[in-house]
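Reader: Could you take me through one part of this model in detail, beginning with a polar side-chain contact and going on to the charged pairs? I would like the residues placed in their elements as you go.

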Amino acid sequence: MPVGLTAEAAAQLRRLRARHGELMFHQSGGCCDGSSPMCFPDGDFILSDADEFLGNLEIPAEDGSEAFTVGVWMSKEQYLRWAHTELTIDLVPGRGAGFSLEAPDGVRFLVRSRLCRV
């Protein structure tokens, strides 16, 4: 399952990394805020056999920052439903999940999906 991100999401990840260090995403597939991708300091969300690693987002260097990667995980249950989609992590105005690092900035990450043709 390919995972990408928008330029706006990449810019926010650069800001968050400068404040919090290495980062990770987890998409649980739960209700409400749990259906949004949650950004955590790398290792702060405890992963288990119930999670699927989707890959690393490549965040290019910009304005003096260095390039880095952000791992993306999803619950296996959610992965089974979205296995044939292409996902893009985007950033939009608004308050999202209280546990996700971007929440205090008045923005939230969300996933846009597109069905992959077989």
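Author: In this predicted model, the side chain of His-26 makes a polar contact with the side chain of Asp-51, at 2.6 Å. His-26 belongs to strand S2, which covers residues 23–27, and its relative accessibility is 3%, so His-26 counts as buried, the cut-off for that class being under 20%. Asp-51 is one of several residues that His-26 contacts once neighbours within four places in sequence are set aside; among the others are Ser-36, Pro-37, Met-38, Phe-40, Phe-45 and Leu-47, as well as Trp-73, Met-74 and Ser-75.

Turning to the charged pairs, side chains of opposite charge can pair when their charged atoms come close. The count of salt bridges here comes to seven. In one of them Glu-62 is paired with Arg-14, with 3.7 Å between the closest N and O atoms. Glu-62 counts as partly exposed, at 41% relative accessibility, whereas Arg-14, at 14%, counts as buried.

Helix H1 also contributes Arg-19, which forms a salt bridge with Asp-105, the closest N and O atoms being 2.9 Å apart. Asp-105 lies in the loop between strand S6 (85–93) and strand S7 (107–115), and the pair therefore ties together parts that are 86 residues apart in sequence. Arg-19 has a relative accessibility of 45% and counts as partly exposed; Asp-105, at 32%, also counts as partly exposed.

A further salt bridge is formed by Glu-86 and Arg-114, whose closest N and O atoms are 3.4 Å apart. This pair links distant parts of the chain, with Glu-86 in strand S6 and Arg-114 in strand S7, 28 residues apart. Glu-86 is partly exposed, with a relative accessible area of 28%, while Arg-114 reaches 53% relative accessibility and so counts as exposed, the cut-off for that class being over 50%.

Methods. Residues numbered from 1 in each chain as written. Predicted model: local features only at pLDDT ≥ 70, side-chain atom pairs only at ≥ 80, totals over all residues. Heavy atoms only, no water. Helix = DSSP H or I, 4+ residues; strand = E, 2+ residues; numbered from the N terminus. Buried < 20%, exposed > 50% of the residue type's maximum accessible area, 1.4 Å probe, protein only. Polar contact = N/O pair within 3.5 Å; in protein donor to acceptor, adjacent residues only side chain to side chain. Contact = heavy atoms within 4.5 Å. Salt bridge = Lys/Arg side-chain N within 4 Å of Asp/Glu carboxyl O.
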